[in-house]
Amino acid sequence: MNENEWGSKTEDEWRKQLGDEAYYVLRKKGTERPFSGKYLSCDKEGVYRCAGCGQKLFEADHQFDAHCGWPSFDKAIKGAVDYVEDSSHGMARTEIVCSRCRGHLGHVFDDGPTQTGQRYCVNSLSMRHEEDE
């Protein structure tokens with residue numbers, strides 16, 4: 001599927017591909033329960049890809065434990081995410097979405113403890129991990 005075709009999937013096609021939980025997060029901007037995600041720990045090598053389209057999003061060596069309940073990274077792969085103003089739930093935040101399929105990943109905050117100062121707070125359900133070969 002080429003880059004322009006990601007937007008042409010129907011909601012039923014997305015739900016069938018992703019399953020109910022990942023569909024809720026990626027396509028309906030949902031959030032998984034804190035401390036419930038399978039990628040919460042920082043002990044993996046490799047890359048995290050979008051669960052919707054497979055695009056590389058984050059390198060595993062940029063993951064850190066932010067003690068916030070969701071996987072956290074201090075930077076995304078260049079061009080992999082787009083930034084959207086989010087004023088839902090009475091907050092001013094920056095949503096991060098996959099730049100290819102527009103799937104909701106989570107939010108980015110300017111309170112990270114590393115040199116970048118960024119904390120990409122990401123739902124595990126929006127990603128899949130791929131180990132280095």
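Reply: Start with the charges. This is a predicted model. The protein chain has 18 positive and 24 negative charges, and their mean positions lie 4 Å apart.

Me: What makes a residue count as positive or negative here?
Reply: Lys and Arg are the positive ones, Asp and Glu the negative ones; His is not counted.

Me: How do you know that the radius of gyration of the protein chain agrees with a compact globule?
Reply: Compare two values. A compact globule of 133 residues would have a radius near 14 Å, and the protein chain has 14 Å, so the two agree. Along the principal axes, the C-alpha trace spans about 45 × 40 × 25 Å.

Me: Which elements make up the protein chain, and in what order do they run from the N terminus?
Reply: Two helices and nine strands. The order is α-α-β-β-β-β-β-β-β-β-β.

Me: Why is S88 called partly exposed?
Reply: Buried means under 20% relative accessible area, and exposed means over 50%. S88 has 30%, so it falls in between and counts as partly exposed. S88 sits in the loop between β5 (81–86) and β6 (93–98).

Me: What makes the pairing of S88 with D86 a polar contact?
Reply: The limit for an N or O pair is 3.5 Å. The side chains of S88 and D86 come to 2.6 Å, so the pair is within that limit. S88 also has a side-chain polar contact with R93, at 3.4 Å.

Me: What is the phi of K29, and where does K29 lie?
Reply: Phi is near 60 degrees, a positive value in a residue other than glycine. K29 follows α2, in the loop between α2 and β1.

Me: What is the phi of H67?
Reply: About 55 degrees, positive, although H67 is not a glycine. H67 lies in the loop between β3 (63–64) and β4 (72–73).

Me: Which residues of helix α2 are buried, and what do they pack against?
Reply: In α2 (residues 20–28), the buried residues are A22, Y23, V25 and L26. They pack against α1 (11–18), β1 (47–50) and β7 (104–109). An α-helix has 3.6 residues a turn, so residues three or four places apart point the same way.

Me: How much of the protein chain counts as buried?
Reply: 47% of the 133 residues.

Definitions and conventions: Residues numbered from 1 in each chain as written. Predicted model: local features only at pLDDT ≥ 70, side-chain atom pairs only at ≥ 80, totals over all residues. Heavy atoms only, no water. Helix = DSSP H or I, 4+ residues; strand = E, 2+ residues; numbered from the N terminus. Rg over C-alpha atoms; globule rule 2.2 N^0.38 Å. Buried < 20%, exposed > 50% of the residue type's maximum accessible area, 1.4 Å probe, protein only. Charge placed at Lys NZ, Arg CZ, Asp CG, Glu CD. Polar contact = N/O pair within 3.5 Å; in protein donor to acceptor, adjacent residues only side chain to side chain. Contact = heavy atoms within 4.5 Å.
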